[in-house]
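Work through the exercises below with the model open beside you. Try each task before you read its solution.

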Amino acid sequence: MEKMKVETKNSGETKELGKLLSPFLSPGDLLILRGPLGAGKTTFTQGLGEGLKAERPIISPTFTLAREVKIQFKDGKKGLLIHVDAWRLKARGGDIFEEFEALGIEDDFEGNNALVVAEWGDKIAEPLSDRILYVDFERNMERENLRSVSFTSKGFKGLEGFEKSVEAVFGSFVS
Ligand SMILES: Nc1ncnc2c1ncn2[C@@H]1O[C@H](COP(=O)(O)OP(=O)(O)OP(=O)(O)O)[C@@H](O)[C@H]1O
Ligand SMILES: [Mg+2]
């Protein structure tokens, strides 16, 4: 299975989805969250933070480009969640690759049992890892709180286990 799609009816469900994914994450993984403003990327990351026992709550890093929070992986190993929001980088223009590099994320990623979760940074974040899980958020024109969330793996392991727990909690999912 390489792709799955889930529909969430409110922000609590999107958070829950992040929480359900958390046991399948390991150091070196890169999650690339894509979708329009207000789609639920940060909400989803908050669920990841809960599942990974983040020492501080996840908040939107919009003004800082990246925030690092100490976490604990499922096997008990301590690590770091590096939450990147490249929206301002993009909005500012200039050489986003160079600015991204200057943040030093690559070094933090390598040295710290880290997991990177990137909002708005697909192209600049991609070189960081060859274990990528793309999470695409779509809004619905008619139903304000409905989101469809699709997961696509590129070298990411663990999607099958995740699929099973999603099925157990959400009952069923699309495709
Ligand atoms: N099903 C849903 N899933 C997630 N959020 C929802 C849902 N329904 C409504 N919402 C609301 O949509 C908003 C999602 O905001 P969030 O900050 O998570 O989006 P984002 O994708 O990170 O946006 P940005 O690109 O600005 O960072 C919240 O206000 C949340 O309460
Ligand atoms: Mg956000």
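This is a predicted model: local features need pLDDT of at least 70, side-chain atom pairs count only at pLDDT 80 or more; totals for chains, interfaces and linings use all residues.

**Exercise 1. Find the bridge partner of Thr8 in strand 7.**

Step 1. Thr8 has Arg147 as its bridge partner in strand 7. Helices (H or I, at least four residues) and strands (E, at least two) are DSSP runs, numbered from the N terminus.
Step 2. Strand 1 covers residues 3-8 and strand 7 covers residues 147-154. They pair in the antiparallel sense, over six bridges. Strands pair if DSSP finds at least two bridges between them.

Residues are numbered from 1 along each chain as its sequence is written, while chains are lettered from A and ligands numbered from 1 in the order in which they are written.

**Exercise 2. Give the strand order of the sheet.**

Step 1. The seven strands form an open sheet, ordered 1-7-6-2-5-4-3, with mixed pairing.
Step 2. Look at the edges. Strand 1 and strand 3 (66-72) each pair on one side only.
Step 3. Find a parallel pair. Strand 4 (residues 78-85) runs parallel to strand 5 (residues 114-119), and six bridges join them. Leu80 stands opposite Ala114 in strand 5.

**Exercise 3. State which residues of helix 1 are buried, and what covers them.**

Step 1. A residue is buried if 20 or more other C-beta atoms lie within 10 Å of its own, with C-beta atoms placed from the backbone.
Step 2. In helix 1, the buried residues are Glu13, Thr14, Lys15, Leu17, Gly18, Leu20 and Leu21.
Step 3. Their cover includes strand 1, helix 2, strand 7 and helix 7 (159-170).

**Exercise 4. Describe the residues around ligand 1.**

Step 1. There are 18 residues around ligand 1. A residue counts as near if its C-beta atom, placed from the backbone, lies within 6 Å.
Step 2. Thr14, Gly40, Lys41, Thr42 and Thr43 come nearest. Helix 1 (11-21) and helix 2 (41-51) are the elements that give two or more residues to this shell.
Step 3. Sort the shell by type. Two residues are nonpolar, eleven polar and five charged. Nonpolar means Ala, Val, Leu, Ile, Met, Phe, Trp, Tyr, Cys and Pro; charged means Asp, Glu, Lys and Arg; the others, Gly among them, are polar.

Definitions and conventions
A residue is buried if 20 or more other C-beta atoms lie within 10 Å of its own, exposed if 12 or fewer, and partly exposed in between; C-beta atoms are placed from the backbone. Two residues are in contact if their C-beta atoms, placed from the backbone, lie within 7 Å.
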